[in-house]
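Hello,

Here is the structure I promised to pass on to you. Please open it and keep it beside this email while you read.

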Amino acid sequence: MMPSFIFEFAIPQLKRLKLRKNNWDSDTYEFDEVLTEFASQKRAYEVVAKPVVESVLDGYNGTVMAYGQTGTGKTYTLGRLGDEDTSARGIMVRAMEDILADISLETDSISVSYLQLYMETIQDLLNPANNNIAIVEDPKTGDVSLPGATLVGIRDQQSFLELLRIGEVHRFAANTKLNTESSRSHAILMVHIKKSVLGREAAFPNEYDNPYTSVNNFKPPVIRTGKLVLVDLAGSERIHKSGSEGHMLEEAKCINLSLSALGKCINALAENSAHVPVRDSKLTRLLRDSFGGTARTSLIVTIGPSPRHRSETASTILFGQRAMKVENMLKIKEEFDYKSLSRRLEIQLDKLIAENERLQKAFEDEIERITLEAQSHISEAERKFADALERERMNCQMDYMESIKKLEEKWVLNQQKHGKNGFINGTYNGEGHVECVSEEVSEVQKLLQNEINLRKAAEEEINILRNQLTEFRPSEAGGDADIVKLQRLLEDETCQKKRLEEEVIVLYSQLSQLTFEVEPTRHLDGGRSGNGFTGLDSLSHVRHSPLKAVDNGQRASITNLHEQVGLQKIFSLLESEDPNVRIHAVKVVANLAAEEANQERIVEAGGLTSLLMLLRSLEDETVRRVAAGAIANLAMNEANQEFIMAQGGISLLAMTAADAEDPQTLRMVAGAIANLCGNDKLQIRLRSEGGINALLQMVRCRHPDVLSQVARGIANFAKCESRASTQGAKSGRSFLIEDGALAWIVQNANNEASLIRRHTELALCHLAQHEANAKDMISGGALWELVRISRDCSREDIRTLARRTLTSSPTFQAELRRLRIEL
């Protein structure tokens, strides 16, 4: 006999649902939409999810959630891939199709994380090793984030389908009496979208724009960030109906408890209660923005027709009714895309530098051309004036000789005439002679006067020529003045170029600061107490790693074990062919190394050499992590540090850092290198064997514990360098600056994690104490951070050190005066 249906649909609106109590009485419920079992997947998507997807593309947060009893079709509706039949594609696949069709991959971005909430632990379906992800809440905005989750960029539909397949493989499911593939966890797919508001044509300036005027026209483009959350809740079940027992019973309890906590929150929001218990479950913490928050939420309530489950069906319908009473306040999320602006400014800056170099080259060529032309004109003028002067001198000399010759001829004539007129027939005629002599004297006087006048005229002409030559030489000096003027113009242009370079440096500094301000803070320092910073900081949270998770009784038993068995026997087990024996042996050695009293015996017995051999020969991640932790503990002793360096330990640690991806392994390796960085004697060797580069490579992990150890190592190294520079043992720039560590130090100097911030602040202060680093620190934006540290640092000793460093450096003082910054 076929079972009778316990509900029916009202016709024709299909907006009301009737739940039969018996054959003559029923309850009626109204919903925004009611879909029968014959409704297509496309119809379900367009009614339920498509409006939410469109809102997310407009910059809002959105949630689509499926709720109902196990076996009623939640996973089918949301997560169906439709490999065999494309019409059966679920909401996840169809939503991504619409998102990819709407955005531009050149200017926009999509990233996806796929998680499951299993027995109150958040696990990464794309990386099963990441099985305990913490929830982080912004204390200012209350936004919830999962910084530890794997975030994968999506470029096409095929890659998205592949991620869904990987996630489904890792999701927990079991066979129960109610469902052969009952989901035992809540699946959560998060799609993060960044969409540029401006069109692609505004992303970069026109190549024909004037580079000097277009810089001021740059405005940061606006991007809208939306987050789509698709939640496939595990089905609620009655234990006596599902037949769950053993571990499945514990799973069912966790599922029902989280769903019960969600129901309490919905009830409190529907009744406008002053207190909403969102912290009763991780599920409600993750969905706090979906109900009563700023997201647009669609709830899919799935039910079955069997009268056997009437109570579960009624409970599901009432949950949907209460959820409809919850009101959300939608809020668009827009922010400035400073990274895009930074790229555009860098391109424009390159154009300005190239244009400046071109103008400088053209100016220098023009100066050279004008100089050569002036020198040619001066040489030509000197030659012409010299020739004219020589011709004039020769003419004057010829005229003078001609005048002398005429005078001599006239004198001879006068002599002859005097002889004829003075004696007549041998008789001297005195009167005639006197008259003749008087006339001759007058004529000679006239000739002499004329000669004197000619001589004066010649001298005046010579003086005039000399004056003209003198006037020409000032003009030549004027040409030199023109050259001097051009040289001054060249010097002014050089000064202007220097000012432009300084403005470029300031622009670079401002760009670094902007990028740092918008770079999202990935991790929060969860209240871990920091170490007092010395040359060799104690590796406190390496010691509180999983190696330290053994209680006192176990540690006492391990100590007794090594006293009974002997260290050599334990070290021989490190070379065992059995992986389990090897792992247990290295854990025993690591626990022994955590005690300071055992370290000397371990090193004397060859334990440190055996641990280094493990790093060199084995690829097992667990063995390398535990071995690195033990080496980090042994590296706290100065004598052991030199032994580690002599055995090639820094190269092995660097190789391990390059190969490892596990944050705990990287934390151990970074801690060991950080301890070695505090030894003054090992600075040059540590850098030459790749220790500094290994630290900088480990920042790729982005895990706060790893970053804090990296920062501690850099601070130790900077302090030792500062001490060596003060004692005169080192000159020149810091090795850290030469290896490119300054940019990372500046970027993390204001990190929200207190340990990272404290170590990077100290590193900056130590680097700034050496005057050779000042110019690099100014161009790298470190001056702004030093000013901030001197004013806002929470620790008085660091604040005082930064202020003393700034006031004692002439380079920093000059830059502060130029920027008009008062300490």
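Predicted model: local features only at pLDDT ≥ 70, side-chain atom pairs only at ≥ 80, totals over all residues.

Side chains of opposite charge can pair when their charged atoms come close. The structure holds 28 such salt bridges. One of them joins Lys195 and Asp102, with 2.5 Å from N to O. Lys195 sits in strand S12 (residues 186-196) and Asp102 in helix H3 (residues 91-102), so this pair ties together parts that are 93 residues apart in sequence. Another salt bridge links Glu97 to Arg89, and their closest N and O atoms are 3.1 Å apart. Arg89 counts as buried, at 18% relative accessibility, whereas Glu97 is partly exposed, with a relative accessible area of 28%.

Next, have a look at helix H10 (residues 338-422). Arg369 and Glu373 both lie in H10, 4 residues apart, which is about one turn of the helix. Their side chains meet in a salt bridge (3.0 Å, N to O). H10 also gives the most to a negative surface patch, with 4 residues. The patch is formed by Asp399, Glu402, Glu408, Glu409 and Glu461.

Finally, which residues of helix H19 (residues 638-646) are buried? They are Asn640, Gln641, Ile644 and Met645. Seen down the axis of H19, these residues fall within an arc of 140 degrees, so they line one face of the helix. The face turned away from them carries the exposed residues Ala639 and Ala646. After H19 comes Gly648, with a positive phi near 75 degrees.

Enjoy exploring!

Methods. Residues numbered from 1 in each chain as written. Heavy atoms only, no water. Patch = residues over 30% accessible without salt bridge, like charges linked within 9 Å, V, L, I, M, F, W, Y side chains within 5 Å. Areas by Shrake-Rupley, 256 points an atom, 1.4 Å probe, with all protein chains shown as cover. Salt bridge = Lys/Arg side-chain N within 4 Å of Asp/Glu carboxyl O. Lys, Arg positive; Asp, Glu negative; His and termini not counted. Charge placed at Lys NZ, Arg CZ, Asp CG, Glu CD. Helix = DSSP H or I, 4+ residues; strand = E, 2+ residues; numbered from the N terminus. Buried < 20%, exposed > 50% of the residue type's maximum accessible area, 1.4 Å probe, protein only. Arc of directions from axis to C-beta.
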